[in-house]
Amino acid sequence: MDLISLGLTPRRSKKILRLVNNNRISLTIKNEFEKLNSFTKSFLANQLAAEEQLKGKVNDTLLEAFEELYYLFDCENFKFEKVSYVSLTKLKALYKKVNGLNDVTTTAEEDNLSKTIMDIIQKYIILTTTLKNSDSLIYKTLVLKSQYVYWESVNNSTVNKLIYFVQSSPFRFYNSALEIFNKTKKLLEDNVYQVTNHSIGTEEDNYIYYSWKVVKNLSRAIYSTFSKALHQDTPSIGFLSIERNSIQWYLNAIKFVIKFPVTVVSKDVHLKLRQIKYEIKHNISNIDILIKCNPDDYLSSLMDILDIDKDSSNQVLQAIDNTIKFDQKSYTETAEPSFAVRYWVVIAFIIFYGPSQSRKIYTNRDEIIHWIKYNGIEPVVGFFKNWVVRPLYDMLDILRSDSDITITTKDSLKSDVGSLENMVYEFAKDNHIETTPVQVSQDVKNGDLKIIMSRYEDEIKSPIKYLISGSLLRLILIQIQKGKVDGAVAINGIDKLLKSQQLVFGIVSISPSIYILYQLYQYLTADKPIVLNGKQLNIICLKCLNNIENLLILLESEQHSNYEGELLIEIINLLVCSNALIPSELKDDWVDDLNALNDSQYNIATKLDLIRKIWNMYGPYFR
């Protein structure tokens, strides 16, 4: 189960960031950034254009922080895409410089300028923190959804459960052994005091009794701990309460041993799925808060999301700190097993058997190469040479020339017929039978030899007499020649039939090769489904589209529902998963259509019409 992750790794790619930032929350923050950047430029142009006006009116530390912020965001050539790469650590250090400057005594004019600059700095920091927090919420929810797909694929297949049990068995056995050891140690500590206080007889007797008591308590502790562990991990082993001598006990014991790996893995996977569902629900509720939040109330929303005390004096700093902590949060408990865990069997096999097998392969390399050539290369070459190229050239020769496929040699029938005509005419002439060469030729062509058959019938009555005279022998030889001519005529007919069907035979001879090559081409060029975490990527996209439509229907029926955050996540998840399926020529339209589903300017009815358009337009790419 080596699975791809669509770039959902701890280090986010630029492609994923572009997809995550192209959503309703980010677009709202982008609009606020553009307004703030425009106000900052106007403020600098109108009131702080000359450097002399800065001195004496604004605190140097505040001015330095403002200048640092200006260049950090590149306000002169501001690009929203670069905001995601601004470090919150730098913003935190920058805000600490100016956080306590409000207590400094100043004039009214200085106070207004300082307050305006402070508000600009704070607004930049709050917007950036909100963007970072929303990006983290969305990205981590996508990671959780990817993890959910993985564990769901494990849970839906018994084979995958057995594979996962083998993969995790070393760590599982180690943890079980450690747990049994700790429980055994505790039980021994509870029982050892009774052993030490029980002293009878001599010292040797006490030592034997003490050793026997320790072994007995140890056995009981191990059995008790193992039984508790079994009951804790597999509550379905109620057969232990059945009488041991009964057949049902043994049948249930065998059934338990067979199902034990699947039962253990099922419990573990169900626990992970519940935990993932809880985390997804929690993140989606926070995303929903940001969607419905007014841009002026982003700080209060961050306080609710990050569990910050509203009476705290340093709310912005705490928001930055908690956002950094949340961004560094990793769901390792529900993550898929690492590469080493998934392939430890293969790695162990390579380590133990790799060197010896490599040596054998090197020693027998000539035989291996010969076997590959004899059973792999030569059959393929022979197939193309004998069953593709040669029949193709033969068919082209048929089309190029009037070559005949014959059974007999050319003009053999003509010579046989001429010889038969001469034999019949000479016999008729020697026996004074009136005929002409033209009549004989005509009779032979028609297969009629009645001019000599009557003589043959008369002479057969006295065979010895006419054999001696040779007349009957000549007639027999003429009959033999007649049979030869008849056979040649039949073969000549077959030759004509073959000649008329030469192209058909050529096509038939090459048809199996063409069919095999066509099937091979279809297999190599056919669109194969992309598999993600044991599931087809197109099926995941279909489920996302279906979930989006269901959420829109729920939003239409429940006007005050909290499904907008979940809708946003499903849209972004669909964008991420469909990246490999949608053609590049349609990706811009695809992104625009999906973003319109989460646009507040459209009502639910319009969005439902849009989802039907998406089904009609892009549905074939997911089927």
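By contact I shall mean heavy atoms within 4.5 Å. With that in place, consider contacts in the protein chain between residues at least 6 apart in sequence: 75% of these join residues at least 24 apart. Please bear in mind that this is a predicted model.

The protein chain has 623 residues, and 37% of them count as buried. Its secondary structure consists of 23 helices and two strands. The accessible surface is about 37,900 Å², with 57% of that area belonging to carbon and sulfur atoms.

Let me turn to a pair of packed helices. In general, such a pair is described by the angle between the two axes and the distance between them. For helix α3, residues 60–72, and helix α4, residues 88–98, the angle is about 160 degrees and the axes lie 9 Å apart. Since an angle over 145 degrees counts as roughly antiparallel, α3 is therefore roughly antiparallel to α4. The crossing of α3 past α4 is left-handed. On the α3 side, the residues in contact include L62, L69 and L72; on the α4 side, they include L91, L94 and V98.

Next, helix α10, residues 315–327. Among the buried residues of α10 are V316, L317, I320 and F326.

Finally, I163 sits in helix α6, residues 158–197.

Technical notes: Residues are numbered from 1 along each chain as its sequence is written. This is a predicted model: local features need pLDDT of at least 70, side-chain atom pairs count only at pLDDT 80 or more; totals for chains, interfaces and linings use all residues. Side-chain values use heavy atoms; hydrogens and water are left out. Helices (H or I, at least four residues) and strands (E, at least two) are DSSP runs, numbered from the N terminus. Buried means under 20% relative accessible area, exposed over 50%, partly exposed in between (1.4 Å probe, protein chains only). Accessible areas come from the Shrake-Rupley method with a 1.4 Å probe; for residues, only the protein chains shown count as cover. Axes are lines fitted to C-alpha atoms, for helices over the stretch in contact, and angles run from 0 to 180 degrees between N-to-C directions. Angles under 35 degrees count as roughly parallel, over 145 as roughly antiparallel, 65 to 115 as roughly perpendicular and the rest as oblique. A crossing is left-handed if the near helix is turned anticlockwise from the far one by less than a right angle, and right-handed if clockwise.
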